[in-house]
Amino acid sequence: MNLAVGRSNDLFVFGNGRVVHGAYFTQTMFDACGVESFQYHQVTADHIILKVVRGSRFGPADEAAIKRAEELIRQHSDGTTRLEVQFVADIPASRVGKHRFTRSDVSVVV
């Protein structure tokens, strides 16, 4: 991946109340050699979008990585959070020009 990588990772808050650091989920995609870029975006406590930019080598191993991501989300949320996979042409950089592997629009209540 040829990305300007930011250090910002958000916390994911699931419908069951569990809070998990977003970086935990990024590990599932780092070995996906056919994935050029990805981003987990939590829009609500019960909905995460995994945006994936497929590369020319995208294949079964990459599909398996996505399935592992779905299973991790299901396990940590006790099935309360759905992972929607979107294949996209591009993932825009943040306002400061960095790629964020994770984004969450859900506030953590302490």
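Here are some questions and answers about a predicted model and the contacts in it.

User: Before we start, what should I know about the numbering and the cut-offs?

Analyst: Residues are numbered from 1 along each chain as its sequence is written, and side-chain values use heavy atoms, with hydrogens and water left out. As this is a predicted model, local features need pLDDT of at least 70, side-chain atom pairs count only at pLDDT 80 or more, and totals for chains, interfaces and linings use all residues.

User: Which side chain does the side chain of N16 make a polar contact with?

Analyst: Start with contacts, meaning heavy atoms within 4.5 Å: leaving aside neighbours within four places in sequence, N16 touches H76, S77, D78 and T80. The C-alpha atoms of N16 and S77 are 5.8 Å apart, though 61 residues separate them along the chain. A polar contact is a pair of N or O atoms within 3.5 Å; within protein, one must be able to donate a hydrogen and the other to accept it, and residues adjacent in sequence count only if both atoms are side-chain atoms. At 2.9 Å, the partner of the N16 side chain is the side chain of D78.

User: How many residues apart in sequence are the parts that the R100 and D10 pair ties together?

Analyst: R100 and D10 form a salt bridge, with their closest N and O atoms 2.6 Å apart; the term means a side-chain nitrogen of Lys or Arg within 4 Å of a carboxyl oxygen of Asp or Glu. D10 is buried, because its relative accessible area is 17%, while R100 is partly exposed at 24%. R100 lies in the loop between β5 (82–87) and β6 and D10 in the segment before β1, so the distance in sequence between the parts they tie together is 90 residues.

User: In which helix do E71 and R74 lie?

Analyst: The side chains of E71 and R74 meet in a salt bridge, at 3.0 Å from N to O. E71 is partly exposed at 33%, and R74 is partly exposed at 44%. The two are three residues apart, about one helical turn, in helix α2.

User: Which backbone nitrogen lies 3.2 Å from a polar atom of the S104 side chain?

Analyst: S104 is in strand β6 (residues 102–104) and is buried, because its relative accessible area is 16%. Not counting residues up to four places away in sequence, S104 touches D10, L11, F12 and Q42. The backbone nitrogen at 3.2 Å from a polar atom of its side chain belongs to V106.

Key
Helix = DSSP H or I, 4+ residues; strand = E, 2+ residues; numbered from the N terminus. Buried < 20%, exposed > 50% of the residue type's maximum accessible area, 1.4 Å probe, protein only.
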